Amino acid sequence: MSDDYKITVTDREGVEHVLDAIEGWRVMEIIRDHGLPIKAECGGACACATCHVYVDEAWLKKLHEPRDEEIDMLDEAFLVEDNSRLSCQIIFTPELNGLRVTLAPEG
Amino acid sequence: MMDCMPKDVMTAVSTDVIIIGAGPVGLFAVFELGLLDMKCHLVDILDKPGGQCAELYPEKPIYDIPGLPVVTGQELTDRLLEQCRPFAPQFHLNQMAEKLERTPDGKWRLETDIGTVLEAPVVVIAAGGGSFVPKKPPIPGIEEYEGKSVFYAVRKMEQFRGRNIVIAGGGDSALDWTLNLEPLADRIALVHRRDEFRAAPDSVNKMRALVADGKLDLHIAQIAGLKGQDGQLEAVTLKGPDGTYDLACDTLLAFYGLTMKLGPVANWGLNLHENLIPVDTEKFETSEPGIFAIGDINWYPGKLKLILSGFHEAALMAQQAFRYVKPGEKLRFQYTTSSTSLQKKLGVA
């Protein structure tokens, strides 16, 4: 049951939100659907870097490697760290149940 | 006689409808308004029509345009331009719609940031997510430096002669301005987060050659802070793989791409709802008679931000716009399939 899947998102004020996650959705879509402040201007086309998140270190290795397109696009994000990802490029799967991410500052 | 008139009155261009935003919905509005014999001028901050479709995802496929099972952002833009071409829309690109006010004779007068002045009885705001403006590094206090020693665009190269410049970014803008300003500047340091650049390979090669010749400094780092006073930059704080350090400079040029902001529309006295413009669902008119809002920028109960919703809104808006532009004339609704007068306008009959 998809009802059982959750992700935890920390907003820019440091407040944690536990969100229902749906298999096959992009993590960006899950965050946006819950009304948290994520611009995601290009709607998931990996073309704007406004869905930048920091992934909890414990979860980093469980994600697929970013494609070149995502790494290139991160050049337009700010304060990029080793655990920076574009959340539109992370598709939620049951293996990611419990994933923790933090919204990055906006430019 | 003429020279005693204020400059803006002399230069104002009169038209039927001013459309703010040349994205897909603005372009289709030209078509719908054109069928009803209304002429349009469009204003857009980008250097080309197409809005998000052309700027953000020209190569990405869109799957939910009726009748087009798959179309890229650029193809859709090209098709819409072709469709509205019979109505000869006038484009005012590379400028931001800045001021909107009523004229004494009840029309609307729009002024852009580079001084274009348009007058019309109807204004259609089809501005999507707002204006595309440069992304600004989220550094507290950066505003104080903007326009004095921190810039997001180069208007006049001469302004940067003899300056000690830090250029931040790894795309074409950052590389192009590094190459163009290098002969003028006292010194340039290029700052980028990784030792790979997505800019055109030729520019990257030229940049690397300048570094090899000792004419350009390259820092693999990110901007973490600014130091200076009264808006005059003295150094940027950089965070690299080996830690944080200061780099002396008097100018920062930051090129991190574009983002969308509502911008001056917020100051036009329209009712707003969470940065969107509420409209009725019959005419898509705002709280000001004669000002309409269509596409992603409007809000009404049940609103879906889809291109196809914007097309529908454009068609209904045009019906009411007709009443402002041609008061006293009877609006006769016709189909393009059967009306020879519409077909003549489209150049097919």
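Trainee: Which residue in the turn between strand 7 of chain B and strand 8 of chain B has a positive phi?

Mentor: Strands here are DSSP runs of E with at least two residues, numbered from the N terminus, and two strands pair if DSSP finds at least two bridges between them. In this case strand 7 and strand 8 of chain B form a hairpin with five residues between them, and B:Gly106 in the turn has a positive phi of about 85 degrees. Please keep in mind that this is a predicted model, in which local features need pLDDT of at least 70 and side-chain atom pairs count only at pLDDT 80 or more, while totals for chains, interfaces and linings use all residues. Residues are numbered from 1 along each chain as its sequence is written, and chains are lettered from A and ligands numbered from 1 in the order in which they are written.

Trainee: In which sense do strand 7 and strand 8 of chain B pair, and over how many bridges?

Mentor: Strand 7 (residues 97–102) of chain B pairs with strand 8 of chain B in the antiparallel sense over five bridges, and B:Ala97 stands opposite B:Thr112 in strand 8 of chain B.

Trainee: What lies on from there, where strand 8 of chain B is joined to strand 9 of chain B?

Mentor: Strand 8 of chain B runs antiparallel to strand 9 (residues 117–120) of chain B, with four bridges joining them, and B:Arg109 stands opposite B:Glu119 in strand 9 of chain B. This hairpin has four residues between the strands, and B:Gly115 takes a positive phi near 95 degrees.

Trainee: Why is strand 8 of chain B described as largely enclosed?

Mentor: A residue is buried if 20 or more other C-beta atoms, placed from the backbone, lie within 10 Å of its own, exposed if 12 or fewer, and partly exposed in between. Strand 8 (residues 108–112) of chain B is largely enclosed by the rest of the structure because four of its five residues are buried.

Trainee: Is B:Glu274 buried or exposed?

Mentor: B:Glu274 is exposed, because 6 other C-beta atoms lie within 10 Å; B:Glu274 is found in the loop between strand 20 (258–261) and strand 21 (277–278) of chain B.

Trainee: What is the strand order in the open sheet of five strands in chain B?

Mentor: The order is 6-3-2-10-22, with parallel pairing, and the edge strands, each of which pairs on one side only, are strand 6 (90–92) and strand 22 (291–293) of chain B. Within this sheet, strand 3 (residues 40–43) of chain B pairs with strand 6 of chain B over three bridges, and B:His41 stands opposite B:Gln90 in strand 6 of chain B.
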